[in-house]
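Reader: I am new to this structure. Please take one part, look at it closely, and then show me what lies around it.

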Amino acid sequence: QCLKARRKAIPRWFKMRFSRLAVGFGLFSLTLWLQGCGGGGDDGDGDGNAKVTTTEHDHDHDGDDETTMAPTTMAPTTTTTTTTHEHMCAPPLMEPPIPGVMPGLEKPKIILGQDVDWPGYAFMGSPPESDFETEGIGKDIAKGLESVCDIEVHVTEVRWSDCWGNAVIGDGLAAGELHGCMTYTHTYGARNRFCEFSKPILKDNKPGGILVQLDEFGDPKVTGDSDLSGKKVVDVVGWAPTADTLALAENKCTKQRFQGYTIVQPTVNTGNANNDALKTLLDGDADAMWVYADQVKQYQCGPGVTANWDCDMWAGFGTNFSYIQTGLFGHAQAGTTLALSKKGSGLKEILDPCIERFLETKDYYDICVKHGFVNSCFPNEFFPSSGSSETLTWELPTDELTTKCEDGYCPCPAETSD
């Protein structure tokens, strides 16, 4: 009743004037929006050049060809032509939103994450080369995309568990705390049910391997001809090769697949997944460890290495533990990728064209040289044409090894065990 009385007390001339002002303001706002979308002329910037895709279609069969505007902030930039037929304002292809992060206003702003415990790939730099910044081939290539595409890339430190966990997407990636995580292998199996991958930046030359303990005589406690039946195999949680892909691997000594084993989780937590798995193996809580065939080599400490793993434990390679299987391919669809992201995020649509362009540059070659990945990188015109590269020990199938267990790589047994 009180409100009705107050409304009646407002003069009619004031109501009419206020209504006209509201309508006028609304029309003014609409005009500004149309001007920005091209409604104020042939284009949105007043220069008479409309930026649209070259393909024209008469969808409503009225005789007038209609065109769809090309986003001016797409990555990479597309070729455009001039036309006066504009009927809609298309949104730009921008990055998915991240809470607490200012989005890109004129170009995509991409946030990528990495941990710092994988030498060459993702690590923490040390002076004088780096002031303890995130470093690695992933970061260098990610930042390099800015030279070939109109995008902005930021790299932040995260834990690998924020990206991918025990056969499930990591909480950080699932919650949208970052757009993607770098240097993940595009494996078969569980990862594809939760995530999508960008194009690879390295070849598919990251074979799996199987580590076991050595006894007091330097012989493996599980031999290379074992199909692992009845054995406990510890997984490096969150890392490729993922636990489910062991079933896809072929024993290189018997040419049969592994079967009848039980995947177990690490029994310790040191903050480093590879460390956890190896300690579980050496403590006798697992019979074997499913891991990259070059992981032990990557974890040998030395000058310039900032390690968050147990250097002394990993130095027992060839004395306390060795590989009984190497060169186990087949667990991956593609090699190391630039970005793992949530399925449907659209990140790969932004990054893939830029990756294709960057892989053809001299900067890509220089980055491969810098991190020692020339043999793993995709060659372009700037790579030396020296023919085929030497196959590394861990890339060889076990039945082609000429090494011994004391070298860290056991050959196939001379005779097949019962």
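Author: Start at the end of a helix. Just after α10, G372 takes a positive phi of about 75°. The model is predicted, and the values here are computed from it.

Go back to the start of α10. There a side-chain oxygen of T361 comes to within 3.2 Å of the backbone nitrogen of Y364. The helix itself spans residues 362-371. Which of its residues are buried? They are Y364, Y365, I367, C368 and H371. Their arc around the axis is only 160°, so they sit on the same side of α10. What covers these buried residues? The cover includes β3, α3 (137-144) and α9 (347-358).

Follow β3 next. An open sheet of three strands runs in the order β2-β3-β4, and its pairing is antiparallel. The edges belong to β2 and β4 (134-135), and each has a single partner strand, so one side of each has no neighbour in the sheet. Strand β3 covers residues 122-124 and pairs with β4 over two bridges, in the antiparallel sense.

Now the aromatic rings. The structure holds 17 aromatic pairs. One of them joins W118 and Y292: the ring centres are 5.9 Å apart and the planes stand at 15°, so this pair is stacked. The angle decides it, because planes under 30 degrees apart count as stacked. W118 is in strand β2 (residues 117-118), Y292 is in strand β12 (residues 288-292), and 174 residues separate them. Are these two residues buried or exposed? Both W118 and Y292 are buried.

A second pair has another geometry. The rings of W164 and F194 have centres 5.7 Å apart and planes at 70°, so they meet edge-to-face. W164 lies in the loop between β5 (152-157) and α4 (171-174), while F194 lies in helix α5 (residues 191-194), so the pair ties together parts 30 residues apart in sequence. W164 counts as buried, at 2% relative accessibility. F194 is partly exposed, at 29%.

The charged end of K206 sits over its ring, 4.2 Å from the centre.

Q295 has its place in helix α7 (residues 295-298). It is buried, with a relative accessible area of 0%. What does Q295 contact beyond its neighbours within four places in sequence? W118, W239, N274 and Y323.

L211 has Y323 as its bridge partner in β13. Strand β9 and strand β13 (residues 321-328) pair over five bridges, in the antiparallel sense. β9 pairs with β12 as well, again antiparallel, over four bridges. In that pairing I210 stands opposite W290 of β12.

How many residues of β9 are buried? Six of six, along residues 208-213. In a regular strand the side chains alternate between the two faces of the sheet. Both faces of β9 are covered. G208, I210 and V212 are buried on one side, and G209, L211 and Q213 are buried on the other.

One last stop is strand β1 (residues 109-114), where K109 lies. K109 counts as buried, at 17% relative accessibility. The reason is the cut-off, because buried means under 20%. Leaving out residues up to four places away in sequence, K109 touches E95, V101, M102, P103, G104, E152, H154 and H179. M94 is 15 residues from K109 in sequence, and their C-alpha atoms are 7.7 Å apart.

Step back to the whole chain. It has ten helices and 15 strands. Of its 418 residues, 44% are buried. Take the contacts between residues at least 6 apart in sequence: 69% of them join residues at least 24 apart.

Note on methods
Residues are numbered from 1 along each chain as its sequence is written. This is a predicted model: local features need pLDDT of at least 70, side-chain atom pairs count only at pLDDT 80 or more; totals for chains, interfaces and linings use all residues. Side-chain values use heavy atoms; hydrogens and water are left out. Rings of Phe, Tyr and Trp (its six-membered ring) pair if their centres lie within 6.5 Å; planes under 30 degrees apart count as stacked, over 60 as edge-to-face and the rest as tilted. Buried means under 20% relative accessible area, exposed over 50%, partly exposed in between (1.4 Å probe, protein chains only). A charge sits over a ring if NZ of Lys or CZ of Arg is within 6 Å of the ring centre and within 35 degrees of the ring normal. Contact means heavy atoms within 4.5 Å. Two strands pair if DSSP finds at least two bridges between them. The arc is that of the directions from the helix axis to the C-beta atoms. A polar contact is a pair of N or O atoms within 3.5 Å; within protein, one must be able to donate a hydrogen and the other to accept it, and residues adjacent in sequence count only if both atoms are side-chain atoms.
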